[in-house]
Amino acid sequence: MSLNDAEIVIVGGGAVGCAMAYALTQAGQRDVLLIEKQPGLGEVTTSQGAGLCGQVRDTAERTRLAMVSAKTFAQLQRDADVRPDWHAVGSIRIAESAANAARFRELKTVADEAKLETELLDRAEASKLWPAIDFRRAEAVLWCPTDGYMRPKDVVNTYRHHAEKSGAKFATGVAVEGFDLVNGRVDGVRTNQGRIACKTVINAAGAHAYHIARLAGIELPIVPVRHEYFISVPMPGLRPDLPCFRVPDTGLYGRCEQDRLLLGGWETKALRTDPRSYDLPGAPPPVEPDWPVLKQFAQDFTGLLPGTSDVKMDRVGRGWPTFTPDGRFILGPSCRVPGFVMAGGCNAHGISGSPGLGQLLVEAMFEKKPSEYVQSLSPDRFTEIKWDWQMAAVAAQRVYETYYGARESSAAGV
Ligand SMILES: Cc1cc2nc3c(=O)[nH]c(=O)nc-3n(C[C@H](O)[C@H](O)[C@H](O)COP(=O)(O)OP(=O)(O)OC[C@H]3O[C@@H](n4cnc5c(N)ncnc54)[C@H](O)[C@@H]3O)c2cc1C
């Protein structure tokens, strides 16, 4: 394959980069080349994803964006030879405090506004959906029938399949090392395999998106925060068609992986790393399973699913998803460096959000007047004002720690 030139070069072959290739080709762009430094696609953060896709969000805009994702996964599952392995099992959100029960009512109002089907269930109705869960301490249960989960690697392969059919090219084992700018504008990408002439570069490099932006002279607060889940050994009463679940009071989420439990959680004291502490050829620190943290997830879930605290963990998913100080994606062209486009800072929903992100990227790149929402995601919000690394990193970490909203301190472990 010729790597000499392309109209648009995408850097990074995780869920986000592959989704951008898919969205661009769907929008009629043909001369798209994705380059990935690993031997295969989706091998870094994406391969570790739990695969949940939830549409209940705190604003109608975000809800609609998530609805695009669920709809796209469902459609790709129906249409393609290669499928994302989408399971539309629905999801339940369980409140264990009055505060979260009240919040669920607000979320339901937002869902109604966005025309997302949701329902507040009583305990008996919830038990029918998830017989093994003990709902006696549930103050409220919010059900979204069109939520589900997919397999991240299959999602990536599905995007590739469709994008290639429409003319996009994918090259693995190719690492970006620099950019050529002419009069401040992107003119080419320098890689370990030579130069690629191009007018547009899309930065979808995950935990290296900070470094790739630096190569173009842009400093962005893209903060990797450690995240983990475990998959148990087989447990009685678990089936792959049971709904995904989220428990905001304990920050837990999960689903069934066949007859095993996948259980993850948002820690109240998260561990972040500074992207300036490792370089582009390097990597963030390796993530070893943090057994005390994982055991705490199991312990916190045992009131809802008896026996979880003693369950044997079979496998641990872990990595460094990236967070931003305002909890928003960083998406769209930079006003500083014409031709340089961002697709990063996914705040741990880069896989589930990827179809919606693709649509927004196309709008950001080709619409004369993108919507206010799209404009609000622009990298310019960090390049045209002064900001401080320490404050930005603390704020990004806080986004992680309050993923399902601020926690009632007394609620955890009750
Ligand atoms: C434990 C865990 C559970 C998660 N669960 C979910 C979930 O349920 N749902 C969800 O939506 N999200 C989940 N996430 C978050 C999700 O995994 C990320 O948001 C998503 O994978 C980000 O995708 P990406 O393409 O931006 O990054 P990545 O998948 O990391 O891809 C970036 C790519 O860029 C490449 N790259 C870097 N530097 C270069 C270079 N110089 N040249 C060329 N290529 C380069 C890398 O090799 C890499 O493949 C989870 C994350 C973790 C860690």
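Predicted model: local features only at pLDDT ≥ 70, side-chain atom pairs only at ≥ 80, totals over all residues.

**Stop 1: the shell around the ligand**

Select the ligand and the residues around it. There are 40 of these residues, and Glu36, Thr45, Thr46, Gly350 and Ser352 come nearest. Colour the shell by residue type: 20 of its residues are nonpolar, 17 are polar and three are charged.

Now switch to a colouring by domain. Domain 1 (8-48 + 152-222 + 325-401) and domain 2 (85-150 + 227-269 + 285-318) each give at least three residues to the shell. Which helices and strands each supply at least two residues of the shell? They include the helices α1 (15-26) and α2 (45-48), and the strands β2 (32-36), β14 (227-232) and β18 (313-319).

**Stop 2: backbone atoms beside the ligand**

Show the backbone of Val16, Lys37 and Gly350. At Val16, a backbone N or O atom is 3.1 Å from an oxygen atom of the ligand. At Lys37, a polar backbone atom lies 3.2 Å from a ligand nitrogen atom. At Gly350, a polar backbone atom is 2.9 Å from an oxygen atom of the ligand. On its own, the ligand has 1000 Å² of accessible area, and the protein covers 97% of it.

**Stop 3: Ser97**

Select Ser97, in the loop between β4 and α4 (98-114). Is Ser97 buried or exposed? Ser97 counts as buried because its relative accessibility is 9%, and the cut-off for buried is under 20%.

Next, show the side chain of Ser97 together with Asp249 and Asn100. The side chains of Ser97 and Asp249 make a polar contact at 2.5 Å. A polar atom of the Ser97 side chain also lies 3.2 Å from the backbone nitrogen of Asn100.

**Stop 4: two residues with positive phi**

Go to Asp85, in the loop between α3 (60-79) and β4 (91-95). Asp85 is not a glycine, yet its phi is positive, near 60°. Asp85 counts as partly exposed because its relative accessibility is 22%.

Finish at Gln258, which is in the loop between β16 (252-257) and β17 (260-265). Gln258 is not a glycine either, and its phi is positive at about 55°. Why does Gln258 count as partly exposed? The reason is its relative accessible area of 46%, as partly exposed covers the range between the 20% limit for buried and the 50% limit for exposed.

Technical notes. Residues numbered from 1 in each chain as written. Heavy atoms only, no water. Helix = DSSP H or I, 4+ residues; strand = E, 2+ residues; numbered from the N terminus. Buried < 20%, exposed > 50% of the residue type's maximum accessible area, 1.4 Å probe, protein only. Near = heavy atom within 4 Å. Polar contact = N/O pair within 3.5 Å; in protein donor to acceptor, adjacent residues only side chain to side chain. Areas by Shrake-Rupley, 256 points an atom, 1.4 Å probe, with all protein chains shown as cover. Nonpolar A, V, L, I, M, F, W, Y, C, P; charged D, E, K, R; others polar. Domains from an automatic or database assignment.
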